Each structure stands twice: as C-alpha cells, then as structure tokens.
Amino acid sequence: MLKRGHSVGFLGYREHHGGGAEALRLAGPDNKTKQYDGGVLRKRTQVEADVLAREKAAQELADALPEESSTIPTINLFLPEALKDAVFVGHLVTDLDSVGGAIGAAALYNGKAALASEINSETAFALDEWGVDKPPTIEEVLKENPDAKICLVDHQQTSQMNPAINPDNIVGVIDHHALQSKTIVTDRPIYIDIRPWGSMSTIISHTFLTHQKRPSVGVAGMLLCAILSDTLNLQGPTTTEWDRLMVATLSEIAAVDDIQFLASQQFKEKSKELAGLSAHGLVNGDQKCFSFSTETFTGDVGFAVVETTDDAVIIDRLDELLPEIVACKMEKNLSALFLAVVNIVELKGTLLLCGPSELSLAKAAFPGCEVNDANTMMDLGSRVSRKKDYIPEITKATKAGWKKPLKRGVSVVDMMEALGKLEVDPTDYQRITRRGSVLAVKVGQRFTVDDD
C-alpha cells in the first residue's frame, strides 16, 4: 500500500484510487458492495460511492498539477495582491473548516494561519493525522504585528469575529455562508470570495486547482477533513457537486486509500463534543447499510453508532433522536435502522429502537437483553462493536428466519410533509436540524406513521 505522502506519476500505479482503494479491494460480486464479517454484504457508504464515481476526474485534476507545491511563475499574476502575506483567521467557536481553510488559504496565498479560539477535538485529530502544526492564536499574531493584514475565512459577521481584530485591517473574506445581519462594513473595497458550497475549504481547494498549484499532502489532508466535517461526510443538505469532486481530488493528492475509515475516525473525534451535533448529525454521522436476502426477509438494514465517554448525554436526547431515526429510515427506504450508543470508557452499549421492526429484530438478534418499558431502548451490555458484536448477530437472526412484523395499518399522513425539512444554521453549516416533522413525538408514545 502507498504510504501517506507518497505520490505517483501520470502512468504510475495508484493504490488509493481517489479514496476508494479499500472499497475496491473488498468489493463484492456486484462490485458495489463490500464483504463484511459473517458473509453479509455491506453497501458502500455515500462518501465511498462519491469518490469512486469521480475517480477518473480526480486523477486527471491531480495529474494536471505540478509535482512540487510551488506555483508556476506566470500564475502568480492572477493571485490577488491584497491577500499576499495576509493572516487568515476563522470564526469564534472554531471548527475544522475554519482552521483547515485558514491553513489552506495561508499556503495558497503565502500568508499565515491563525486561530480565533481554541480548537475542538475533531480539529486536533486532523492536525495530528496530517502532521500539521497547530496555528498560533490571532492574539499572538497581532502582538507581534498589530497592523497585520487580515482575511476572514468561514465567516463575515462581526458577531463571530475575534474582538482582537481591527476591522480597518480586514483585506478579504472567503466564506460560504449567507450575507445576513452584522456583516462587516469596510471603508474601502476588499477581496470577496463567497460561494454557495458546502464548505469554505472546498473554495480553497478549487482555487488551488484553478491556479495550478498543488497543495502539500498535509494541506490537502486538512482541506479534505474540513470538507467531510462541514458536509457531514458528503451527506448534508448543503453538499454540492464541487464538494464531492474536491473530496475525490484531495483524496488522490493526499493518497488516502480508505475514505470511509478516515471519515468514521473523524466522526468519532467529533462526537466527543456532542453539544455541537444535531440529532441529524448523530444519526447520519457514522451510519452503514447492510443488505440481507433470506427466505423470510429481503431488505436493507441501517446501523449507526455514536461512541462517547458519556452515553447519558446522548440517551437524554432520546426524544430528538427517535423521530430523526424514523425520518432517516424513510428517506433511505430502509427496512430497519438502529442507533447504538457506545460508552467507550465503561465499554457498554445501548441500542435505540424506533419502531416495531427494530424491536423485533433486536430481540431476535440479542435474546435476553433487557428492553425498557417504552420499547425504545435495549441494554446491550458489553457489546460495543458494530463489526464484531452487532452485525454478525443480526445476520444470524435473519438467517434463522426473522421476518418483519405485519403492518400496523395505513398511514393517514402525507409522507413528504411528515418528514419535515432539514434546515441549516446559516452561521454554522454543521448544525442541521429537522423542522416541521410530525414524527417529533414524546418518548414512549407511538409514532403517527406506519412502521413501513
């Protein structure tokens, strides 16, 4: 396998395949699934499918870039003069997109990256994963050079700007959020690059390509992780074709073999700070789908996992999570969808059950495990691994003759209206909330829609 940081020429053999090498290596007989323990086939995740679908385009884009990270001399003519040597800094309550984007922009425009506030666990993971030094704080930078030119990244509102920044020194904005109240006001024209894409780091990545400049492996990796973060692994409603193409291209440049493994590891780090994740983010962050075909049951079963050091924080949000599980199950046309909350300190698991199918299958797969009075949670004891503990037992249950319970009756609710709409916080693209769903019922009540 290629080691991270190695590159190959145009005619060279590529093991990473734009992030999909592992998916290809483990391809099932239909070349669309992956073999899993117990003989069951796991469907490719969305991020795997997206990078493989764009593999050829990603390779062509990567091959068109010079091997070295330096810019072709003539291209320098097209780089905005105002951003050269500027300090690139994100918003308060710093996230991965604002840090990764600042690092990428600094490399692109020969400037310096700075932090508006302390980094979170996900950002720390990405910095360590790609061997990139944590940028200094904006206060440290301004202490050395109070008149430094400032370019805001991933925001343009004064309410999100670090108070140490003098608005008179702002020379640019690179962002992907809507222009709303408290947008900065300047006395002179400044450089503006705002695009309706899923991540600000997508803009920086695209600019690297248009300027024929190859990002280093570390920078490419940071940009890649940032895009995956802001687009919820390319599953969020703000995801665009540009986000998907840049993920495939950056995976190629950074020699990522297994994009799903990187995404799942990143999500595990993100889940350490659960207060910043919506129910939609928790249910969809680390979710995999498995296909079954037996004499009694044919269908797809989704299984999501949240790993945390404090499972009570997640379980306390049951009234948010159950309706979201049902909505996601309907949107993806799944026969069943589970969410396991795993305490990685005490090594115990709790399975959330959103309906009769989940309850029935869970009882068949994990006999003897205690279910609460409302039939919404099952205590899995020391079972904590989707790969070793959960999917093999579900596979055994389906092979042993499990079948879905009979329908409960015909729904009287229009399904499109029942699911509501996913709305994005315009100040934080990672905060995605479902609104207007009739599924939002109190814990213990029966859902108002058919289990199917």
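Helices (H or I, at least four residues) and strands (E, at least two) are DSSP runs, numbered from the N terminus. The expected span of a helix is 1.5 Å times one less than its number of residues. The model is predicted: local features need pLDDT of at least 70, side-chain atom pairs count only at pLDDT 80 or more, and totals for chains, interfaces and linings use all residues. Residues are numbered from 1 along each chain as its sequence is written, and side-chain values use heavy atoms, with hydrogens and water left out.

**View 1. The whole chain.** The chain holds 16 helices and 14 strands. Of its 452 residues, 56% are buried; that term means under 20% relative accessible area, with exposed over 50% and partly exposed in between (1.4 Å probe, protein chains only). Among contacts (heavy atoms within 4.5 Å) with a separation of 6 or more, 68% join residues 24 or more positions apart.

**View 2. Helix H15, residues 386–399.** H15 has 14 residues. From first C-alpha to last it reaches 18 Å, close to the 20 Å expected at 1.5 Å a residue. Its buried residues are Arg-386, Tyr-390, Ile-391, Pro-392, Ile-394, Thr-395, Ala-397 and Thr-398. Their cover includes strands S8 (287–293), S9 (298–308), S10 (336–343), S11 (348–352) and S12 (377–381), together with helix H14 (356–365). Just after H15, Gly-401 takes a positive phi of about 110 degrees.

**View 3. Helix H13, residues 318–331.** The end C-alpha atoms of H13 are 20 Å apart, which agrees with the 20 Å that its 14 residues should span at 1.5 Å a residue. H13 is mostly covered, with 10 of its 14 residues buried. Charged side chains are in that set: Glu-324 and Lys-329 are both among the buried residues. Others include Leu-318, Leu-321, Leu-322 and Cys-328. Just after H13, Asn-333 takes a positive phi of about 55 degrees.

**View 4. Helices H7 and H9.** The axes of H7 (residues 200–210) and H9 (residues 241–253) come within 10 Å and cross at roughly 65 degrees. On the H7 side, Thr-202, Ser-205, His-206 and Leu-209 make the contact. They meet Trp-242, Asp-243, Met-246, Thr-249 and Leu-250 in H9. These residues divide into four nonpolar, four polar and one charged.

Definitions and conventions:
Axes fitted to C-alpha atoms, helices over the stretch in contact; angles between N-to-C directions.
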